[in-house]
Amino acid sequence: MNHSNPLSFEELYQTHYRMVMQLCLGFVKGDQDLSKDLTQEVFIQVWNGLDRFRQDSSSKTWIYRITVNTCLNYLKKQKSQENRMAEILRGQETSDEIKLMETDPGKRLFEAMGKLPEIDRLITGLLLEEVPQDEIAAILGISDGNLRVKIHRIKRKLKKLIDHE
């Protein structure tokens, strides 16, 4: 992607907003408001880093990396608080919430994803966004073979989590 013109922030925003939002949703277990906040943070970083983007990789891969780092940094900061909240919430599900989870497969998937380790949530989010596996491997800095093994294991974990809810 070697353009003589610099990349337009507006173009990057329009092209990648949905992808970034979806990825953030996966990281924060479907929390819309938090996903919007993280997405905004990602695009602030894109704006601030636009003049340093060397186009060694595609803008999509670059923005994925920023998104992943932003979400992982957020999760590191919130980990203990989030774990305490999850324990509290698990004990307080109403029968209506359980019924909703049974009738809404998307919600059940996000709930199950929320129980996965961070890296597994990231990979699942990228797969849901239909990012090609070679791009995911590049984003994560792992081999295609290693990624395929991880995906297989993640699918088994998700199936177990969804079947046992």
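C71 counts as buried because its relative accessibility is 1%, where buried means under 20% relative accessible area, exposed means over 50% and partly exposed lies in between, for a 1.4 Å probe and protein chains only. The model is predicted, with local features needing pLDDT of at least 70, side-chain atom pairs counting only at pLDDT 80 or more, and totals for chains, interfaces and linings using all residues. Residues are numbered from 1 along each chain as its sequence is written, and side-chain values use heavy atoms, leaving out hydrogens and water.

C24 is also buried, with a relative accessible area of 0%. If a disulfide is taken as a pair of cysteine sulfur atoms within 2.5 Å, the count for this model comes to zero. C24 is in no disulfide, since its nearest cysteine sulfur, that of C71, lies 3.6 Å away, and C71 is likewise in no disulfide, the nearest cysteine sulfur being that of C24 at 3.6 Å.

H16 sits in helix α1, residues 9-27, a helix being a DSSP run of H or I with at least four residues, numbered from the N terminus. H16 counts as buried because its relative accessibility is 6%. Leaving aside residues up to four places away in sequence, H16 touches F43, S59, K60 and I63, with contact meaning heavy atoms within 4.5 Å. The side chain of H16 also makes a polar contact with the side chain of S59, at 3.5 Å.

L161 belongs to helix α8, residues 144-163, and counts as partly exposed because its relative accessibility is 24%. Beyond residues up to four places away in sequence, L161 touches A112, K115 and L116.

Conventions: Helix = DSSP H or I, 4+ residues; strand = E, 2+ residues; numbered from the N terminus. Polar contact = N/O pair within 3.5 Å; in protein donor to acceptor, adjacent residues only side chain to side chain.
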